[in-house]
Amino acid sequence: MDTLETIKKRFSDRIKNIKIHSDIRIYIEIDKKDLLDFAKFIFNDMDARFITATGVDNLDSMEVLYHFSIDREDVIVSLRVLLDREDPVIESLTPVVKGALNIEKEMYELLGIKFLNHPELKRFLLTEEYPEGVFPLRKDSQKGKK
Amino acid sequence: MKKVIVPIGPYHPLFEEPEYFALYCDGERVVDVEWIAGYNHRGIEKISESKHWDQITFLVERICGICSTSHPIAYCNAVEDLAKVEIPERAKYIRCIIGELERIHSHLLWVGLAGHFLGYNTVFMWAWKYREPILDIMEMITGNRNHYAMMKIGGVRRDIDDAYIPIIRKILEDLKPKLNMLTNAVLDDPVLAARLKGVGVLTNKDIKEFGALGPVARASGLDIDVRRDSPHSAYGLVEWKVITQNEGDVFARAVVRLLECFESMKIIEQCLDNLKGKKGEISIDVRNIPPGEGIGHYEAPRGECFHYVRSDGTGSPLRHKIRAPSFNNIPTFKASCIGETISDVTIILAGVDPCYCCTERAIVAYDVNTQKKILDGSDFIRLSQEKTRKIEKEIGVAPSRWEEKNWERDN
């Protein structure tokens, strides 16, 4: 549990919620304004590997999970950020982790989450003919089909 | 010099899905690479939300034809993590055997194609010939050469019969000297060394920034392997080692892949030892998936395959996120291709082993100004092969040593 202790020690007052699923799977809920600080600390100082990010439509909120793996301890830490579903905006992780470039593009077009300061937030998977403002991976995308 | 865009794709056998790459070239040099994906986006994450937990095992098997057991293993790991289920020991060994057989056939497939791109068609024919017996084993155990449908949540679907074990052993025993010969032939060859060493170099820093995985990361000295770092199945119960190289070039990636085949054989043999003469459950019933979330990963032949599932206690997942290794490996072209010549790009793009599942290449170069065709797919392979011939002449190796006459004539 060294990983969790290290993160707790560094950001004791900024963690909103911790869910310990098992010794090797930890979910930490944080505020969206703290994302870059957490990511910088975990990725650079704790030498973690960025796996990917998952966007989830909860219907009442939009959720983004950033998965980091600390391979030497066999722990996967997932940072959970909840966003307003009507206007999901969050700071881009790409300036910190280059590998987040494409997954953020994917979340942008499939779920409609906007990433601030992303170097090239444009169509990546969907065709050019696909209507703007329709996000296929949202739970209500059938209803919202134009 | 005119600046030329060389589009690769959208439909291109170098990649497991049709994808589009634009190489911006200044003369022979590549100055920038652009990637647009999604041509074969099948919406599997969305389909998954409408399927039953048990059906998804077969759905995710269809993500990729070559590493078709990696996704089911990673998915089962994720659901088992969610439900906190421990699979029976016999199932663990069987999962390992299938996974490692797949790794051998996938790596041999890559070696063969890499040989073809470089103009060493003998390597291509050797590697693919030696891959066949592995597929025969698969057919014997699972009934299919690919898409084995062996995994299920809570274990595996078919047992490996004791009668098969001596046959599998014999095939692996016969394969070893041949693979040894192939490995030595590739590693000792001066032309291959001249052609691949120092080409498409990725540094340790590049790997970490892009999050590259698998043999690509291990060839650049990053000692990561999910099988060892997060031992699931029987990987923690058998002896084997992680192969790494420090050079980071295409040659190092070939070395890693070839040597990994031998490690895979070691794992399979130990697993067979543990299956022989023993009886046991091969799966447990997992009836209800409780609400919660689970993460599973597995070291596919190309790198870590990652699955995240979330359940609300119903029959299908609320969200199922899949991250295949090539998603992280392909962006490394930004670091490895720039500054290289067009004739080397073929092998650099092939070097990260984005799954090859088609048979044709669709690569065409157009003049930016006139839209006139300059080069097409066969020209790129020819350019690559011509470079090998030139190097052969320079270092005084007779081409006939490698090339078989019939192939020369056909190509």
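This is a predicted model: local features need pLDDT of at least 70, side-chain atom pairs count only at pLDDT 80 or more; totals for chains, interfaces and linings use all residues.
Student: How many residues stand between S1(A) and S2(A) in the hairpin that they form?
Tutor: Residues are numbered from 1 along each chain as its sequence is written, chains are lettered from A and ligands numbered from 1 in the order in which they are written. Helices (H or I, at least four residues) and strands (E, at least two) are DSSP runs numbered from the N terminus, and two strands pair if DSSP finds at least two bridges between them. S1(A) and S2(A) pair in the antiparallel sense over 6 bridges, with A:Asn17 opposite A:Glu29 of S2(A), and the number of residues between the two strands of this hairpin is 2.

Student: Which residue of S5(A) is the bridge partner of A:Arg25?
Tutor: S2(A), residues 25–30, is joined to S5(A) by 6 bridges, and these two strands run parallel. Within S5(A), the bridge partner of A:Arg25 is A:Ile76.

Student: Which strands stand at the edges of the sheet in chain A?
Tutor: The sheet is open, with 5 strands in the order S1-S2-S5-S4-S3 and mixed pairing. An edge strand here has a single partner, so one side of it is left without a neighbour in the sheet, and this holds for strand S1 (15–22) and strand S3 (49–57) of chain A.

Student: Which residues make up the covered face of S2(A)?
Tutor: In a regular strand the side chains alternate between the two faces of the sheet. In S2(A), the uncovered face holds A:Arg25, A:Tyr27 and A:Glu29. The covered face is made up of A:Ile26, A:Ile28 and A:Ile30.

Student: At about what angle does helix H2 of chain A run to S5(A)?
Tutor: Axes are lines fitted to C-alpha atoms, for helices over the stretch in contact, and angles run from 0 to 180 degrees between N-to-C directions. Helix H2 (residues 35–45) of chain A lies across S2, S3, S4 and S5 of that chain, and its angle to S5(A) is about 170 degrees.

Student: Why does A:Asp74 count as partly exposed?
Tutor: A:Asp74 lies in the loop between strand S4 (62–70) and strand S5 (75–83) of chain A, and it has a positive phi, near 55 degrees, although it is a residue other than glycine. A residue is buried if 20 or more other C-beta atoms, placed from the backbone, lie within 10 Å of its own, exposed if 12 or fewer, and partly exposed in between. A:Asp74 counts as partly exposed because its C-beta neighbours inside 10 Å number 15.

Student: How many residues of H4(B) are buried?
Tutor: Helix H4 (residues 89–118) of chain B has 30 residues and reaches 44 Å from its first C-alpha to its last, close to the 44 Å expected at 1.5 Å a residue, where the expected span is 1.5 Å times one less than the number of residues. H4(B) is followed by B:Gly119, whose phi is positive, near 90 degrees. The helix is mostly covered, and of its 30 residues the buried ones number 29.

Student: Which residue with a positive phi follows H5(B)?
Tutor: Helix H5 (residues 121–142) of chain B has 22 residues, which should span 32 Å at 1.5 Å a residue, and the 31 Å between its end C-alpha atoms agrees with this. Among its buried residues are B:Trp126, B:Tyr130, B:Ile134 and B:Ile137. The residue that follows H5(B), with a positive phi near 90 degrees, is B:Gly143.

Student: How many charged residues are on the side of chain B that touches chain A?
Tutor: Two residues are in contact if their C-beta atoms, placed from the backbone, lie within 7 Å, and the contact takes 23 residues from chain B and 20 residues from chain A. Among the elements of chain B that each supply at least two residues to this side are helix H1 (44–48) and strand S7 (303–311). Nonpolar means Ala, Val, Leu, Ile, Met, Phe, Trp, Tyr, Cys and Pro, charged means Asp, Glu, Lys and Arg, and the others, Gly among them, are polar. On the side of chain B that touches chain A, 9 residues are nonpolar, 5 are polar, and the charged ones number 9.

Student: What ipTM does the predictor give the complex?
Tutor: Chain B has a mean pLDDT of 83, with 87% of its residues at 70 or more, but pLDDT stays under 50 over residues 404–411 of chain B, for which the model has 4 contacts beyond four places in sequence. For the complex the predictor gives a pTM of 0.88 and an ipTM of 0.93.

How values were computed. pLDDT is the predictor's confidence in each residue, from 0 to 100.
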